[in-house]
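Hi,

Here is the model I promised to pass on.

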Amino acid sequence: MSRTITRSPQDSPEAGKNSEPVLSHGLKQRHLSMIALGGVIGAGLFVGSGVGIAAAGPAIVLLFMGTGALVMLIMRMLGEMSAARPSTGSFSVHAEEEIGSWAGTTSGWMYWLMLCAGVAAEATAAGTIMHSWVSFIPAYGWVAIFMVFFCASNLTAVKNFGEFEFWFSAVKVAAIVAFLVLGVLGILGVFGSAPGTSHLTGHGGFFPTGVAGLAAGLLTTISGFAGLETVTIAAAESDHPSRNVARAVRTAVWRIALFYIGSMAVVVTLVPWNNPKVATDGPYVTVLDQLGIPAAGTIMQIVVLVALLSAMNANIYGSSRMAYSLVTRGQGPRFLGKVTRGVPAAAVLASCVFGFAAVIAGIVWPTTVFAWLLNIAGCAVLVVWSIVCLTQLKMRRRLEREAPELLSVRMWGFPYLTWLTFAAILGIFAVMAAGADGRHQLMGTAAVVAVLAGAGHLKQRRDRRTADSA
């Protein structure tokens, strides 16, 4: 049975003028552009990629090409749906409308859990960096300062989030561009002898660790892309949601290619993949030290701190908006839907409280509760992406029948590339299941998914009974 395209009161940009309070639209095109641009440059790229290089060697470039292509396809699907139907809940709203409440509940709350766990991990890492500089304040004290600051800024107005992300992203973009320029000069021999292909073919060759290394590096590269979906959530609070999200998504391709694939190619060309400093100090610090750049470690620490604070800010924003959208659709505690001056204040507070509770768990139970939470969060993005694929398949066909004029952004090679993306995600799950650690991660994630899907299914049945009795 086809569904007529409508806008719910909570998610329509035009809603709320004469009814319940809704979210403000304080984000501009420049905010969204930098959110999308800076969203692909996180602490996972600056630091976490070193673990991937140590696992896969120079072949990390191919892994980033593969996962980057996967992410580009996911973003294209999200762009198609969000441009046609801008909504604060983004893919969660679309999943509920096209598949059912169970899909909306599962994708939405899994994404919320992932972002809140990210807030905890990023706050902890940022606190550690600040404690190394200002030691009389303990690391957890810095964590509390950052949490309070970003919670307060997100409670005031959405434009504050946009402004912080704009300038954070500007710093990250400037840093990665400078790194790429210096790296290319180093490859050309400006800072000494040109390395040629010695580091790409030596030290065990281009695939030094074989299939096992590629599998280990795969999971690291995927985690580096988690959170890019926030731009489709933020678009609903911009002045022209459909137009702005379309522009942001269309430019995602060259950003991923330049920042991730380009920088990884520079790293593995300039330094040996098995240099222990690549994993311990980070690939960017190692390269800058190799090139003789003064104070390379301090420079990158500052950049990493900015990346961590940027991710904290974005994750608090994204998690609060997702929670708000879920509860206004009856998929969570109603009190989280309270809006103050155009901001979902209760959802912001709840997301920050959960994030800070996860930080405490990291201190008290680092190898049990916190490790379990991070494992589930690491797998959550794959659950979300798989539901995005299934949602886009249904929504595209419905739009083509009912409102083709809304398809201002179209998924490439539909439906073949959508099915190929879905198959690739299933393949990643299979790779995870092949290892003991991956199996434990999948089991924990499956348990959470089962609870969420069950709750969503019960709501779906209750709504159907209510509709039948009306």
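Before the notes on burial, the cut-offs: buried means under 20% relative accessible area, exposed means over 50%, and partly exposed is in between (1.4 Å probe, protein chains only). Helices (H or I, at least four residues) and strands (E, at least two) are DSSP runs, numbered from the N terminus.

Two points on provenance. This is a predicted model, where local features need pLDDT of at least 70 and side-chain atom pairs count only at pLDDT 80 or more, while totals for chains, interfaces and linings use all residues. Residues are numbered from 1 along each chain as its sequence is written, and side-chain values use heavy atoms, with hydrogens and water left out.

Let me start with helix α9 (residues 210-225). Its buried residues are Gly 213, Gly 217, Leu 218, Thr 221, Ile 222, Gly 224 and Phe 225. After α9 comes Gly 227, with a positive phi near 105°.

Now the charges. Side chains of opposite charge can pair when their charged atoms come close. Here a salt bridge is a side-chain nitrogen of Lys or Arg within 4 Å of a carboxyl oxygen of Asp or Glu, and searching the whole structure turns up seven.

Which residue pairs with Glu 98? That would be Arg 398, with the closest N and O atoms 2.2 Å apart. The pair links distant parts of the chain, 300 residues apart: Arg 398 sits in helix α17 (residues 369-402) and Glu 98 in helix α4 (residues 91-98). Arg 398 is buried at 6% relative accessible area, and Glu 98 counts as buried at 4%.

Arg 398 also forms a salt bridge with Glu 402, closest N and O atoms 3.8 Å apart. These two are four residues apart in α17, so about one helical turn separates them. Glu 402 is partly exposed, at 29%.

Glu 237 and Arg 321 meet in another salt bridge (2.7 Å, N to O). That pair also joins distant parts of the chain, 84 residues apart, with Glu 237 in the loop between α10 (230-234) and α11 (241-250) and Arg 321 in helix α15 (residues 296-328). Glu 237 is buried at 0% relative accessibility, and Arg 321 is buried at 0% as well. There is also a salt-bridge network linking Glu 80, Arg 396 and Glu 400.

On to the surface. Patches are built from residues with over 30% relative accessible area and no salt bridge, joining nonpolar side chains (Val, Leu, Ile, Met, Phe, Trp, Tyr) within 5 Å and like charges within 9 Å. Accessible areas come from the Shrake-Rupley method with a 1.4 Å probe, and for residues only the protein chains shown count as cover. Tyr 140, Phe 356, Ile 360, Ile 363, Val 364, Trp 365 and Val 369 make up a nonpolar patch with about 680 Å² of accessible area together. Helix α16 (residues 345-364) gives the largest share, four residues. Trp 365 lies in the loop between α16 and α17 and is partly exposed at 46%.

Leu 32 is buried, at 0% relative accessibility.

Cheers
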